[in-house]
Amino acid sequence: MASCIVSAFRSSLLLLLGFGLSGQDSPADRIQALERELHQQQKASKDWGGLIRYGSDNSELPPPAKGENRVVFLGDQVTDYWGRGNAQFFPGESRLNRGIAGQTTDQMLIRFRQDVISLHPAAVVILGGLNDIAGLHGPASEETILDNLMSMAELAQANGIRVILASVTPVCECFTKNAARQRWQERISELNELIEKYCASTGAVYLDYYSAMAKEDNLKKELTNDGVLPNDAGYRVMAPLAEQAIAKAIKAAKK
């Protein structure tokens, strides 16, 4: 039990130091954020794959209506926080947000059947890998991350679901100096290259958020409030790109 708490505390520190806090946060804000993240990680130690998070929502969701092109967005905090601000998450559309903050791709794979396949979508948008690169649950190579993404893609394809694999979004040191982010930037570029090549070889759609959001490998400052997560402006850049990729995937499925 003690080892789980230590691991959770370490992961929370990584999240705070690398992801969410700027130099403008007060000590009280930092402590409160750390306590929140620790609580989330303690919950995760009991439900590693995050199966509880959307379990009841999934069970209450009716099957897609005839002709409905339901799309599931599976991901980590970048997906999870989409819609919490003023940038709404595809209002009025048949789009389901199944993001869980802090998850790595192996955790996303665990819940893929429950949070994607069982919902019978026409397509799935998969965005993950940043937390793996950050080492939240231990070291993970770009190849290992790609393996997890490939497994999800193959599960989707086996169930008649069109696959859209998104590039990992860029990060920057826009608000605070963080040496870790410089290392992440190189790895993000390498992982995105692997994802793009995999899509080209399998027919999956590559959703390139990175090119639209990066300037010289840095997340554009106007698109973020902390150097990692998109702000409302960032999500407004992402939304039409996602819809274009979805339209391409749905069109390909009808051929």
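These are my notebook entries on a predicted model.

**Ground rules.** I number residues from 1 along each chain as its sequence is written, and my side-chain values use heavy atoms, with hydrogens and water left out. Since I'm on a predicted model, local features need pLDDT of at least 70 and side-chain atom pairs count only at pLDDT 80 or more, while totals for chains, interfaces and linings use all residues.

**Overview.** I looked up the helices and strands and got 11 helices and 7 strands. Here helices (H or I, at least four residues) and strands (E, at least two) are DSSP runs, numbered from the N terminus. Of the chain's 255 residues, 48% count as buried; buried means under 20% relative accessible area, exposed over 50%, partly exposed in between (1.4 Å probe, protein chains only). I also checked contacts (heavy atoms within 4.5 Å). Among those between residues at least 6 apart in sequence, 75% join residues at least 24 apart.

**Strand 1.** I went to residues 71-75 next. On one side I find Val71, Phe73 and Gly75, on the other Val72 and Leu74, and all are buried. I then looked for pairing, which takes at least two DSSP bridges between two strands. Strand 1 runs parallel to strand 2 over 5 bridges, and it also pairs in the parallel sense with strand 3 (residues 123-127), again over 5 bridges. I noted some partners: Val71 with Arg95, Phe73 with Asn97, and Gly75 with Leu127 in strand 3.

**Strand 2.** Why do I call residues 95-99 largely enclosed by the rest of the structure? Because 5 of the 5 residues are buried. Arg95, Asn97 and Gly99 point one way, Leu96 and Arg98 the other.

**Thr224.** I found Thr224 in the loop between strand 7 (218-219) and helix 11 (232-254). Its relative accessibility is 2%, so I count Thr224 as buried. A polar atom of its side chain sits 2.7 Å from the backbone oxygen of Leu229. Beyond its neighbours within four places in sequence, Thr224 touches residues including Cys172, Cys174 and Phe175.

**Cavity.** I searched the whole structure and got 1 cavity of 30 Å³ or more. On a 1 Å grid over the protein atoms alone, a cavity is a set of points where a 1.4 Å probe fits but cannot get out, and lining residues have an atom within 4 Å of a point. The largest cavity holds about 40 Å³, a volume being the space filled by probe spheres set on the points. Its lining includes Asp76, Val78 and Leu127.

Definitions and conventions:
On a 1 Å grid over the protein atoms alone, a cavity is a set of points where a 1.4 Å probe fits but cannot get out, and a pocket is an open set with protein on both sides within 12 Å along at least five of seven lines; lining residues have an atom within 4 Å of a point. A polar contact is a pair of N or O atoms within 3.5 Å; within protein, one must be able to donate a hydrogen and the other to accept it, and residues adjacent in sequence count only if both atoms are side-chain atoms.
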